[in-house]
Amino acid sequence: MAKTLVIQPVTRIEGHAKVTIQLNDAGNVDTARVNVIELRGFEKFCLGRPVEDLPRITPRICGVCPWSHHLASAKACDAVFGVEPPPSGKKLRELCNSIAYMEEHILHFYFLAGADFLLGPDADYSIRNVIGVLQAAPDIARKVVKVRHMCAHMLEVLAGKAIHPQAAVPGGFSKPLAPAERDQLRKNADDALELAKFSIAFAKENVFPKYFEVVKSLGVITTGFIGTVKENGALNLYDGKLRLMTSKGAYQDFPYDRYTEFISEHIESWSYLKFPYAKQWGEGFSMDVENPKGVYRANTLARINVCDFIDTPLAQAELEEFRAKFGRPAQLTLLYHWARLIELLYNAENTIRLLDDPEITSTETRVKVTPRAARGVGCTEAPRGTLIHDYTTDANGLITNVNLIVGTTHNNAPINMSVTQAAKGLIHDGKYDQGVLNTVEMSIRAYDPCFSCATHRLDGKLSVKLDIFDADGKLLGTLAN
Amino acid sequence: MREIDQFDESDLPDFCRKPTVVLGVGNTLFGDDGFGCAVVDYVEAHYRVPETVCLLDAGTGVRKLLFTLCLSTARPQRLLILDAIDAGRSPGEIFEIDPAEIPPVKLDDFSMHQLPTSNLLRELQETCGVEVRVLACQTGPLPEEISQGLSQAVSGAVSQAAEWLVSEYFPSTTVPRGDLCQTTC
């Protein structure tokens with residue numbers, strides 16, 4: 001009898017989603033879909049508000065990556081007001097971005113995805129979490145905790161507060177960095193670099209080899225990629241131009257305020273979340289795993305693929321080793337984790353570079369702004385992918401139109417494809433167990449998705465459960481974590 | 001790996017170092033879900049909070065704070081979570097939840113948005129020795145679209161929750177700002 005497996009929500013990703021796996025009469029996977037619920041109204045909510053309010057409001061959308069929204073929003077405001085922040089203002093923003101990245105990437109690798117690798121996907125659910133990681137590797141956990149503390153503390157020093165940041169303002173950054181504060185942060189940055197170096201060395205020696213067969217097979221799809229690079233093609237996470245790369249490695253660069261010329265959004269009746277695709281390729285849109293059309297990926301692996309090089313020495317060396325092993329563009333989905341660690345190293349080096357820049361303590365951190373009727377686009381690379389804020393204002397600087405594309409939305413189609421691929425490889429003849437289902441979830445977690453952000457929804461009432469339906473929609477049974 | 005320098009605990013954030021931590025939790029963009037944040041705002045505006053208490057609008061970032069607390073070498077003795085919840089009661093009703101009584105189905109979910117992130121609360125209480133209490137307010141219907149502001153019923157419960165918080169956590173050291181103002185202005 002045909003069945004539908006429902007995993008709801010996916011655990012240890014940021015937010016909630018429901019995975020529905022439809023089995024055919026033979027008990028093999030027919031389709032797999034990741035369903036999310038969209039909360040509407042953000043655009044309407046913004047209408048008529050002063051545009052300068054948005055850098056303070058948008059971090060409230062979601063507490064997972066508030067800095068990314070804060071900075072993308074501030075950049076969109078810069079564009080609306082037609083100003084360019086002074087160099088120190090830009091560098092302080094980028095510094096905060098790099099520190100926030102380190103906090104996020106450490107959290108994800110060690111405690112969200114790390115449980116899969118350190119404890120194994122078949123480990124008992126009750127220990128396959130952060131506490132399980134602590135118990136399994138206490139020495140590592142202690143170092144990780146220290147550096148996460150440092151990152152949070154560094155953001156407090158820079159911005160006054162780590163939660164719901166308000167320091168980036170239209171025209172720059174509101175709080176100059178005092179030399180004494182810089183010296184304090186510099187010591188913390190050295191420790192963060194040590195952890196970053198340790199993390200990638202540890203993973204290459206103890207994690208990736210152990211699970212290489214899984215890495216080679218789980219959730220593997222072939223797509224294009226999107227990410228931000230500097231004018232010279234170097235990786236950058238705060239500013240630059242967008243690069244859209246085909247699955248074969250050809251690419252085209254474009255200014256991010258022209259994103260609508262290159263990206264369009266497909267709608268599926270079973271998902272509230274849209275499916276961005278590369279309309280510039282002229283092939284339409286299809287999530288057929290064997291023959292996808294228009295599908296590209298964002299987030300760590302995408303950025304590592306699209307950049308020509310990384311302009312910090314340790315991360316560049318890692319990139320060269322990575323490309324020697326996996327080519328460019330690398331397609332294996334679980335390599336997102338490897339790419340995440342290269343980015344962790346880059347951000348640690350970049351933090352030191354910025355702190356060593358004499359300009360970082362300049363007191364000229366912002367310029368004045370004057371309301372005007374204009375459209376402005378701000379774009380940063382959030383840890384979970386390219387983040388676009390697009391605002392239009394009237395002559396008084398009041399919002400008349402808003403559009404956001406968040407990182408996870410870019411990955412909507414690839415996540416669905418990876419789940420389908422993973423499910424087809426792991427569920428046969430109607431046989432499945434908790435380990436298999438968590439392995440399917442692993443393919444989603446590689447993307448580090450944040451569905452609450454993507455859908456602007458916060459819902460604390462869902463729990464993890466598996467529903468089994470037959471072809472007629474009859475509930476055959478329910479399993480819960 | 002070079003041994004990371006000894007971390008000075010004075011560099012830890014307040015929510016790790018202070019003996020009492022009160023976190024207002026929720027999303028102010030979602031109607032009554034912003035109850036916890038509103039209580040924090042109210043207490044800050046109407047009372048003088050003692051130095052031993054960290055009162056924080058954690059908003060939607062509560063999971064990161066609890067995560068850090070769980071793993072920290074320094075933790076508060078007492079933790080209070082102010083949260084909005086739908087428990088089928090009358091909108092605006094305030095009640096206390098024992099983290100140990102949260103249904104097991106929610107305990108092991110590690111979503112960053114699972115409020116009040118019950119598994120971390122359980123760890124803090126049972127493994128880390130922190131006294132954890134959750135003061136909840138029954139919400140009205142949450143909006144389908146983003147909407148700021150509390151309903152009348154929940155708004156009315158804010159001052160009530162603030163009074164409870166003050167009486168339970170800093171009764172002897174705190175006086176309402178209004179009273180201070182009358183005697184000193």
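Colleague: With which residues is A:Leu355 in contact, leaving aside its neighbours within four places in sequence?
Modeller: The model is predicted, so local features need pLDDT of at least 70 and side-chain atom pairs pLDDT 80 or more, while totals for chains, interfaces and linings use all residues. Residues are numbered from 1 along each chain as its sequence is written, and chains are lettered from A and ligands numbered from 1 in the order in which they are written. Two residues are in contact if their C-beta atoms, placed from the backbone, lie within 7 Å. With sequence neighbours within four places set aside, the partners of A:Leu355 are A:Arg182, A:Leu185, A:Arg186, A:Ala189 and A:Ile360.

Colleague: Does A:Leu355 count as buried or exposed, and why?
Modeller: A residue is buried if 20 or more other C-beta atoms, placed from the backbone, lie within 10 Å of its own, exposed if 12 or fewer, and partly exposed in between. Because A:Leu355 has 24 C-beta neighbours inside 10 Å, its class is buried.

Colleague: Which strand pairs with β7(A) over five bridges?
Modeller: Strands are DSSP runs (E, at least two residues), numbered from the N terminus, and two of them pair if DSSP finds at least two bridges between them. In this pairing, A:Phe225 stands opposite A:Met245 in β7(A). The antiparallel partner over five bridges is strand β6 (residues 224–229) of chain A.

Colleague: Which residue in the turn of the hairpin of β7(A) and β8(A) has a positive phi?
Modeller: β7(A) and β8 (residues 251–254) pair in the antiparallel sense over four bridges. Five residues lie between the two strands, and the one with a positive phi, about 105°, is A:Gly249.
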